[in-house]
Amino acid sequence: MNYNRQPAFTIVELLIVIVIIAILATITIVAYNGLTNRARESSLKSDLDNGSKLLAVSKTINGVYLADLNNINNGQAFKASGGNQSVYNTNAPTNNAFCLESHYPLTSPTMFFFTTNNNTSPQKGTCSGTVGVEPCGTTSYAVGDTGPGGGKVFYTGGNCTTLGFKYLEAAPANWNSGGTDLEAVWCNSGTLTTGATGTAVGTGVANTAKIKAKCTSGAAVSAVAYRGGGLADWFLPSKDELNQMYLQRASVGGFINNYYSASSEYSNKIAWMQDLTTGYQGNSFQKYNAFAVRPVRSF
């Protein structure tokens, strides 16, 4: 009886099969790792989006970014997704800017994203000391220089340690779509107490946040909505900040013939205003009257 024997695999053929299996396994692993990394990136970005929104709400309520992430969610801690770790910085003591970082894994992280108050779109990288646009006092400015927001610097006497800013800049005269300074009531309610009673340099940010928390329109709301230089940290100046603008009126320029609103409240019906031509400041101006508005920002 004759039997037809099939030839066995040669060593070369076996090696080829092994190599093919190894290549397919590598492709599978790479594809799996790619899907895993994309899922992790989405998780990190989602954490940053949620954290930024909670911080924005917290600032509206409190006037500043709270220094502790454990307090921003109605007293409950902000919770990162499983396996992610968050790092949070504010520019103490004013806490009017923040940087939020999310990274993975918890130990020896290899994937980093961050967001700031001025750019809430998650970016690759770490906070590494970054808060807001740039650390306070990084660049030197003189009165009359153009600031980061495209306005004119009118105050250089700040202190990075005690105030959290060194400079104040005023929006350009054509900041409003009408080409000249906007005229608006102080608040849509002329008899509302907002608690915005700060008058000193450095209190305009908190004043504005308190006004915006209770008023749906008006001078402060319009100032906050301005986006000069692509920045979202403009506010209505306090009484003393407005006076500093008057002192440097020649460098700022473009004022109209009307009193200008300060964010400093005097009573439930009255707020501080100033004539930027003569310098006169008064606390007898009714909130329901329309006065001129010029946004400012600190940096």
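Mentor: Gladly, and keep in mind that this is a predicted model. Let us begin with the largest nonpolar core, which has 21 residues, and in which Trp186, Ile211, Leu236, Met273 and Val293 have the most contacts. Two or more residues come from each of helix 3 (219-225), strand 9 (270-275) and strand 11 (291-293), and helix 3 gives the most, with 4 residues.

Trainee: Which residues is Val293 in contact with, once its neighbours within four places in sequence are left aside?

Mentor: Val293 is in contact with Trp175, Asp181, Leu182, Ala184, Ala219, Leu236 and Tyr260, where contact stands for heavy atoms within 4.5 Å.

Trainee: Why is the pair of Arg294 and Asp181 called a salt bridge?

Mentor: The term asks for a side-chain nitrogen of Lys or Arg within 4 Å of a carboxyl oxygen of Asp or Glu. The closest N and O atoms of Arg294 and Asp181 are 2.7 Å apart, so the pair meets the rule. Arg294 sits in the loop between strand 11 and strand 12, and Asp181 in the loop between strand 6 and strand 7 (182-184), so that the pair links distant parts of the chain, 113 residues apart.

Trainee: How do you know whether Arg294 and Asp181 are buried or exposed?

Mentor: Buried means under 20% relative accessible area. Arg294 has 1% and is therefore buried, and Asp181, with 3%, is buried as well.

Trainee: What makes Arg297 and Asp233 a salt bridge, and which parts of the chain does the pair tie together?

Mentor: Their side chains meet at 2.9 Å, N to O, which is within the 4 Å limit. Arg297 lies in strand 12, whereas Asp233 lies in the loop between helix 3 and helix 4, so the pair ties together parts that are 64 residues apart in sequence. Arg297 counts as buried, at 2% relative accessibility, and together with Glu169 and Asp233 this arginine belongs to a network of salt bridges.

Trainee: How many salt bridges does the rule give?

Mentor: The count comes to 5 salt bridges, including the one in which the side chains of Lys287 and Glu265 meet (2.4 Å, N to O). Both Lys287 and Glu265 are buried.

Trainee: Why are strand 5 and strand 12 called edge strands?

Mentor: An open sheet is formed by 3 strands in the order 5-6-12, with antiparallel pairing. Strand 5 (152-155) and strand 12 (296-298) are its edge strands, as each pairs on one side only, and the twist averages 35° from one strand to the next.

Trainee: How do you know that strand 6 and strand 12 pair?

Mentor: Pairing needs at least two bridges, and strand 6 (residues 168-170) and strand 12 have 3 bridges, in the antiparallel sense. In strand 12, Val296 is the bridge partner of Ala170.

Trainee: Why are the buried residues of helix 4 said to be on the same side?

Mentor: The buried residues of helix 4 (residues 239-247) are Lys239, Glu241, Leu242, Met245 and Tyr246. They cover an arc of only 165° around the axis, which puts them on the same side of helix 4. Helix 4 lies across strand 5, strand 6 and strand 12, and runs at about 115° to strand 5.

Key
Residues are numbered from 1 along each chain as its sequence is written. This is a predicted model: local features need pLDDT of at least 70, side-chain atom pairs count only at pLDDT 80 or more; totals for chains, interfaces and linings use all residues. Side-chain values use heavy atoms; hydrogens and water are left out. Buried means under 20% relative accessible area, exposed over 50%, partly exposed in between (1.4 Å probe, protein chains only). The arc is that of the directions from the helix axis to the C-beta atoms. Axes are lines fitted to C-alpha atoms, for helices over the stretch in contact, and angles run from 0 to 180 degrees between N-to-C directions. A nonpolar core is a set of buried Ala, Val, Leu, Ile, Met, Phe, Trp, Tyr and Cys residues joined through side-chain atoms within 4.5 Å.
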